[in-house]
Amino acid sequence: ATKTPEELAAAAKEAADKELSELGIPDLDFSYVGQGISSDTVKTELYKRYAVYCLSSEQRVMENMGSLLTIQKVLNIDPEVASNMNREIAQGMFQVAVSSAL
């Protein structure tokens, strides 16, 4: 079943909050106001939060890439901007993994 943008955003926020909490990262100040979002910054932050969740493990990458692409489209995030964010997030997570292994 196709989810509404509000349902996707709520799921993204909940999943990201849980993941950030598990990683010991303090909660970010964030708000989502449905289709009334007009600020590119708010849209970008929403996308980034969900991308952090989706890219936090190999299993999540496999399970959530479709929904990440959907959120990208719903929020009208430029594909190049999304790609750059995804790359930065993945590099950061890789660095944390390498540091933990050493």
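I began with the secondary structure, and the chain has four helices and zero strands; helices (H or I, at least four residues) and strands (E, at least two) are DSSP runs, numbered from the N terminus. In sequence order the pattern reads α-α-α-α. I note that this is a predicted model, in which local features need pLDDT of at least 70 and side-chain atom pairs count only at pLDDT 80 or more, while totals for chains, interfaces and linings use all residues. Residues are numbered from 1 along each chain as its sequence is written, and side-chain values use heavy atoms, with hydrogens and water left out.

**Whole chain**

I looked up burial next: of the 102 residues in the chain, 31% are buried. Buried means under 20% relative accessible area, exposed over 50%, and partly exposed in between (1.4 Å probe, protein chains only). The accessible surface is about 6,700 Å², and carbon and sulfur atoms hold 53% of that surface; the areas come from the Shrake-Rupley method with a 1.4 Å probe. Among contacts (heavy atoms within 4.5 Å) with a separation of 6 or more, 58% join residues 24 or more positions apart.

**H2 and H3**

I then took the pair H2 (residues 40-54) and H3 (residues 58-74), whose axes come within 9 Å and cross at roughly 165°. Therefore H2 runs roughly antiparallel to H3, a label for angles over 145 degrees. Axes are lines fitted to C-alpha atoms, for helices over the stretch in contact, and angles run from 0 to 180 degrees between N-to-C directions. The crossing of H2 and H3 is left-handed, that is, the near helix is turned anticlockwise from the far one by less than a right angle.

On the H2 side I list Tyr-47, Tyr-50, Ala-51, Tyr-53 and Cys-54. H3 brings Arg-60, Val-61, Asn-64, Ser-67, Leu-68, Ile-71 and Gln-72 to the contact. I sorted these residues into eight nonpolar, three polar and one charged. Ala, Val, Leu, Ile, Met, Phe, Trp, Tyr, Cys and Pro count as nonpolar, Asp, Glu, Lys and Arg as charged, and the others, Gly among them, as polar.

I checked Met-85, which lies in helix H4 (residues 79-101). Met-85 counts as buried because its relative accessible area is 7%. Leaving out residues up to four places away in sequence, Met-85 touches Thr-44, Tyr-47, Lys-48 and Ile-77. Met-85 and Lys-48 are 37 residues apart in sequence, with 6.9 Å between their C-alpha atoms.

Arg-87 is also in helix H4. I find Arg-87 partly exposed, at 42% relative accessibility. From Arg-87 to Leu-55 I note 32 residues in sequence and 9.7 Å in space, C-alpha to C-alpha.

Methods:
Parallel < 35°, antiparallel > 145°, perpendicular 65-115°, else oblique.
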